[in-house]
Amino acid sequence: MIDFVTTDPLRVGLAAGAGVLWMLMSGVMLTRGRTRASAVAVDALILSASQTGQAEELARHTHKALSTGGLTTRLMSLGKATVADLQQAKLVLVVASTTGVGDAPDDGAAFERALMSSRPDLSAQSFAVLALGDRSYEDFCAFGHRVHDWFTACGATAKKPITEVDDLDATALKQWESYLKEWGGAAMQADNPFALTPLIARERLNPHSAAAGLYAIDFSIPEGATWVAGDLAEILTPSGHRRDYSIASLPEEGRVRLFVREVIKADGSRGEGSGLLTTLPLGENVPLRLKTHKGFQAPSGNGPVLLIAAGSGLAGLRPHLLQLAGRGRPCWLIYGERHPLHDGRLSDEMRGWQHGGRLRKLDLAFSRPDDGVKTYVQDVIAQQAPAIRGWLGQGGSVLVCGGLDMGRGVDAALKAALGPDWLEAALSDGRYRRDLY
């Protein structure tokens, strides 16, 4: 069974002679208003469009399997790909997730805007799409299907029918593995296996709240493991399903901390991941591994950062706040919860950080306060629009973590406050990063 997670560094095979010849023939290409060096001729170009890191991991596995098998390969984000990149590959493999209501993930949205409105000639290319989704949603794998249809419309030959993967279904992933072997890929050994990791502490942070329980869950650090702000912990449930959680701590804190919202379904049953983590006796082991999430790592530069979260979404931002403030970058947090007292434990920590100077600015939004005046994080963005424009200027960054509905509301509010051009440029430059679930 192939492990679709790898932490090995990427090594891009450079066909220097072909690259120089192409550059001499074609000159310098233009993409989104910027010049870029020539594309590289390869056997296989692997592209990922990922919101939570799953598609990115599968793309890394695909790249490693084919390159180990002897093919010249190139791995890149779908959002960075140009027509020239596509035309220089014999085989284009796209691993694409779908987010929101049939939407492209952030690193696929730019590709959809910039290239999928055109019809370049891809008649010399073959392609295949691995589409990730959740069949409980109406628009299951919608973005993957749009990508597949676009390649077909451009004249490319489908190597295989689109491979749909429902909630990381093992059978579908095994099918993709067989395709990789058919195309020359090597069999892979697991290089980041799950490790049985003890649960060392658990605390309900809102014991008097009418809302679903919010828990701080602590695991010991697996031997040899490390991570950076924005990375994920993945657990394996007893039924074999995988669940990702933002890591709310840094290695120097001596624990892998998660913030987990309890999920109670309509029939009274518990969510598979949260049910396990909120009821497992202390000292028991959970199959766990830590995963790189490049799409939500800290934006580069020294400019100010606006961080936005609600509820358990603070888990993804807390390590960023520790690291960014430690590097001297100005941080402004907008954080939302239900009630200032009954759901305010994480807000209290943030107030302490503000008083200690770690946070330059802090705005709290409560949707169920005693006075009945509901405020959400997107309301704060609208109210503070002039200040946000001044804070971010042209080089600031935005990090958002939380549920999909919150993310859509925040995106709309930011577009109104900053303008769609600012957000599109920030998304392209890696200054607007979202971890939504």
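Select strands β3 (residues 42-49) and β5 (residues 89-97): the two pair in the parallel sense over 7 bridges. Strands here are DSSP E runs of at least two residues, helices are H or I runs of at least four, and both are numbered from the N terminus; two strands pair if DSSP finds at least two bridges between them. The model is predicted, so local features need pLDDT of at least 70 and side-chain atom pairs count only at pLDDT 80 or more, while totals for chains, interfaces and linings use all residues. Residues are numbered from 1 along each chain as its sequence is written, and side-chain values use heavy atoms, with hydrogens and water left out.

Stay on this pair of strands. A49 has A96 as its bridge partner in β5, and L47 has V94. Colour by accessibility next: 7 of the 8 residues of β3 are buried, so the strand is largely enclosed by the rest of the structure. In β5, 8 of 9 residues are buried. Buried means under 20% relative accessible area, exposed means over 50%, and partly exposed lies in between, with a 1.4 Å probe and protein chains only.

Right-handed means that, with the strands pointing away from the viewer, the path from the first strand over the helix to the second runs clockwise.

From β5, move to strand β6 (residues 126-133), parallel to β5 and joined to it by 7 bridges. V92 faces F127 in β6. With α4, β5 and β6 make another right-handed β-α-β unit.

For the second largest pocket, select S77, K80, D107, K294 and G295, the residues nearest its centre among the 25 of its lining. A pocket is an open set of points on a 1 Å grid over the protein atoms alone, where a 1.4 Å probe fits, with protein on both sides within 12 Å along at least five of seven lines; lining residues have an atom within 4 Å of a point. The second largest pocket holds about 660 Å³ of space. Elements supplying at least two lining residues each include α2, β4 and α4 (106-114).

Last, select C141, which counts as buried at 1% relative accessibility, and C154, buried at 5%. The disulfide count is 0, a disulfide being a pair of cysteine sulfur atoms within 2.5 Å.

Methods
Points joined across faces, edges and corners; volume = space filled by probe spheres on them.
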